[in-house]
Amino acid sequence: MGRENFPGVQGGGSLILAWQVRNKKVLVIGGGEVAAGRILNLLNADARVTVISPRAGLNPEVAHRIAHNQVEYHDRKFEPSDLDDPNITMVLTAIDDSEASSQIWKLCKEKRIAANIADVPPECDFYFGSVHRDGPLQIMVSTNGNGPKMANIVRRRIAASLPENIGEAIKKVGVLRKKLRGVAPAEEEGPKRMKWMSKVCVQWSLEDLCDMEEVDMDALLRSYAPDQVPSLTQVRLGEEPGLWQFDGSFGWSCVV
Ligand SMILES: C[C@@]1(CC(=O)O)C2=NC(=C\c3[nH]c(c(CCC(=O)O)c3CC(=O)O)Cc3[nH]c(c(CC(=O)O)c3CCC(=O)O)/C=C3\N/C(=C\2)[C@@H](CCC(=O)O)[C@]3(C)CC(=O)O)/[C@H]1CCC(=O)O
Ligand SMILES: NC(=O)c1ccc[n+]([C@@H]2O[C@H](COP(=O)([O-])OP(=O)(O)OC[C@H]3O[C@@H](n4cnc5c(N)ncnc54)[C@H](O)[C@@H]3O)[C@@H](O)[C@H]2O)c1
């Protein structure tokens, strides 16, 4: 008999994902304060943003994005034909007109376009959350519609508890991972590659990860074949792979 101690299911949550909208077309309907926040989130994710909103109602931040050609802009109210472009990946509405909002939601569902209707939670395929960003690191907090301000408070507390250099350390790990793929591209290397990469992340301090230069990465990668993880000091001393072994101390360990 199996032990059956699998995780219990806790329904009622959201599926939290990191949606890749780079170079994809996203329609934002409305140009007020809420739209301004949405547009920034989208631009930070390299989306191609189109804004539809009468000029008279534009918030200064949205007007700035338009003036600097950061978004495509149509100075008018929403029209159903705005949804005809098959390249639209996502629609976000942030307008102060609930009737128009519901009409847009229905049209999006007919066309199977994912949509967020800012003021109507039941008419959202996905919610936004409160996001902390530090380089490649993003942390999103959701309260699943219960308390958006609470999400903001939790997010700020999490951000305050993070090491200052975590984003930079992750950036370096990203470069190393890419290089490792170059050194060991084979599919069957997958398990070894992942285990080795995990060991580097666990054994190296954030400071050492941040300090790691490209030459250090190239030297470190020579220890991949013998499946060893030297410290940054050892890498810089240029010792031959095979001379070091992790002894669990997170310090200097050299077996001769
Ligand atoms: C996280 C954040 C992200 C973002 O918008 O980018 C976000 N709302 C934020 C702020 C905020 N929103 C509101 C207040 C006033 C205080 C309060 O009500 O708490 C504040 C606080 C403020 O403005 O400081 C009012 C509000 N919001 C919604 C409704 C409609 C309703 O609930 O019926 C109403 C009532 C309108 C009314 O009463 O008339 C709905 C949603 N808002 C969500 C996200 C989704 C659920 C996220 C979750 O539960 O975690 C969801 C469901 C849909 C969606 O928007 O995707 C962003 C904080 C970012 C940050 O600061 O870090
Ligand atoms: N989800 C959230 O986090 C959240 C937070 C606060 C408010 N809200 C809700 O979001 C909505 C927008 O809030 P806001 O503060 O940005 O409002 P706002 O009044 O500042 O902006 C509304 C914008 O919508 C535009 N607009 C109105 N009708 C339009 C149409 N048919 N087509 C295109 N554009 C149109 C207006 O010109 C204006 O630019 C409100 O309903 C508000 O209750 C949501």
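Into which domains is the protein chain divided?

1. Domains. The model is a predicted one. Its protein chain is divided into domain 1, covering 25-128, domain 2, covering 131-162, and domain 3, covering 166-237. The centres of domain 1 and domain 3, taken over C-alpha atoms, are separated by 42 Å.

2. Overall dimensions. For 256 residues, a compact globule would have a radius of gyration near 18 Å, whereas the protein chain has 24 Å. Along the principal axes, the C-alpha atoms of the chain fill a box of roughly 75 × 55 × 35 Å. As for secondary structure, the chain has nine helices and seven strands.

3. Five strands form an open sheet with parallel pairing, in the order 3-2-1-4-5. At its edges are strand 3 (72-74) and strand 5 (114-117), each of which pairs on one side only. From one strand to the next, the twist averages 15°.

4. Strand 1 (residues 25-29) and strand 2 (residues 48-52) run parallel and are joined by five bridges.

5. Ligand 1. Which residues are closest to ligand 1? They are S130, T143, P148, A151 and N152, out of 21 residues that surround this ligand. Helix 4 (residues 148-161) gives the largest share of the shell, five residues. Sorted by class, the shell around ligand 1 has 11 polar, seven nonpolar and three charged residues.

6. Position of ligand 1. Why does ligand 1 lie between domain 1 and domain 2? It is placed there because both domain 1 (25-128) and domain 2 (131-162) give residues to its shell.

7. Ligand 2. There are 23 residues around ligand 2, and G30, G32, V34, G57 and D119 come nearest. Here the largest share of the shell, three residues, comes from helix 1 (residues 33-44). The classes in the shell around ligand 2 are 12 nonpolar, six polar and five charged residues.

Note on methods. Residues are numbered from 1 along each chain as its sequence is written. Chains are lettered from A and ligands numbered from 1 in the order in which they are written. This is a predicted model: local features need pLDDT of at least 70, side-chain atom pairs count only at pLDDT 80 or more; totals for chains, interfaces and linings use all residues. Two strands pair if DSSP finds at least two bridges between them. Helices (H or I, at least four residues) and strands (E, at least two) are DSSP runs, numbered from the N terminus. Axes are lines fitted to C-alpha atoms, for helices over the stretch in contact, and angles run from 0 to 180 degrees between N-to-C directions. A residue is near a molecule or strand if its C-beta atom, placed from the backbone, lies within 6 Å of it. Ala, Val, Leu, Ile, Met, Phe, Trp, Tyr, Cys and Pro count as nonpolar, Asp, Glu, Lys and Arg as charged, and the others, Gly among them, as polar. Domain bounds come from an automatic or database domain assignment. The radius of gyration is taken over C-alpha atoms; the globule rule is 2.2 Å times the number of residues to the power 0.38.
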